[in-house]
Amino acid sequence: MHKIFGKKLNVEYYTRAGAYIIPEKEGKIAVVKTPKGYFILGGGYEKDETDEQCIKRECLEEIGYTVEIGEKLCSAEAYVTHPKVKYFHPIQTYYTGKLVEKNIEPIEKDHKLEWLTYEEIDGKMYSKMQNWAIDMFFKVI
């Protein structure tokens, strides 16, 4: 399933594609809390990365964990305004998975790993499309 958020205007957008993982354990999912808010683990591609390479790198950088990537869950894109790039077009692909083990100290010191239930995270993600991805996750498990 793929969903589009926002309305595309007749302007030039900065497009950034990326891959994300929603790890689950005992009815809770792992997310990161930053000073901006809650985010799904993952991020934008670097150079010619695959989804798997991107997710593995981002999880090490954000929380220091290796991961096991499961099935593709869904994808979404948005047309939004952004304080730095003005018109932003993120394209995100979401996967199920598991955190395997903590291997290193995270590089991104302002990212805090949290395990939350659906009720604790529902509607609280920084972006609408990530809220939707979490809704999709809890509909399939």
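Reader: Why is K98 called partly exposed, rather than buried or exposed?

Author: This is a predicted model, and every value here is computed from it. K98 has a relative accessible area of 48%. Buried means under 20% and exposed means over 50%. K98 falls in between, so it is called partly exposed.

Reader: Where in the fold is K98 found, and what does it touch?

Author: K98 is found in strand 8. Leaving out residues up to four places away in sequence, K98 touches I21, P23, T66, V67 and E68. Each counts as a contact because heavy atoms lie within 4.5 Å.

Reader: How far is K98 from A30, in sequence and in space?

Author: K98 and A30 are 68 residues apart in sequence. Their C-alpha atoms are 8.9 Å apart.

Reader: What pattern does the protein chain follow along the sequence?

Author: The pattern is β-β-β-β-β-α-β-β-β-β-α-α. That gives three helices and nine strands.

Reader: What makes the protein chain as compact as a globular protein of that length?

Author: Its radius of gyration is 15 Å. The globule rule gives 14 Å for 141 residues. The two values are close, so the protein chain is as compact as a globular protein of that length. Along its principal axes, the C-alpha trace spans about 45 × 30 × 30 Å.

Reader: What share of the contacts joins residues 24 or more positions apart?

Author: Such pairs account for 71% of the contacts with a separation of 6 or more.

Reader: How do you know that the reach of helix 1 is close to the expected value?

Author: Helix 1 covers residues 51–63, which makes 13 residues. From first C-alpha to last, helix 1 reaches 18 Å. At 1.5 Å a residue, 18 Å is expected. After helix 1 comes G64, whose phi is positive, near 80°.

Reader: Which elements do the buried residues of helix 1 pack against?

Author: They pack against strands 2, 3, 5, 6, 8 and 9. Among the buried residues of helix 1 are C54, I55, C59 and I63.

Reader: What does helix 3 reach, and which of its residues are buried?

Author: Helix 3, residues 128–140, reaches 19 Å, close to the 18 Å expected. Its buried residues include W132, I134, F137 and F138.

Notes:
Residues are numbered from 1 along each chain as its sequence is written. This is a predicted model: local features need pLDDT of at least 70, side-chain atom pairs count only at pLDDT 80 or more; totals for chains, interfaces and linings use all residues. Side-chain values use heavy atoms; hydrogens and water are left out. Helices (H or I, at least four residues) and strands (E, at least two) are DSSP runs, numbered from the N terminus. The radius of gyration is taken over C-alpha atoms; the globule rule is 2.2 Å times the number of residues to the power 0.38. The expected span of a helix is 1.5 Å times one less than its number of residues. Buried means under 20% relative accessible area, exposed over 50%, partly exposed in between (1.4 Å probe, protein chains only).
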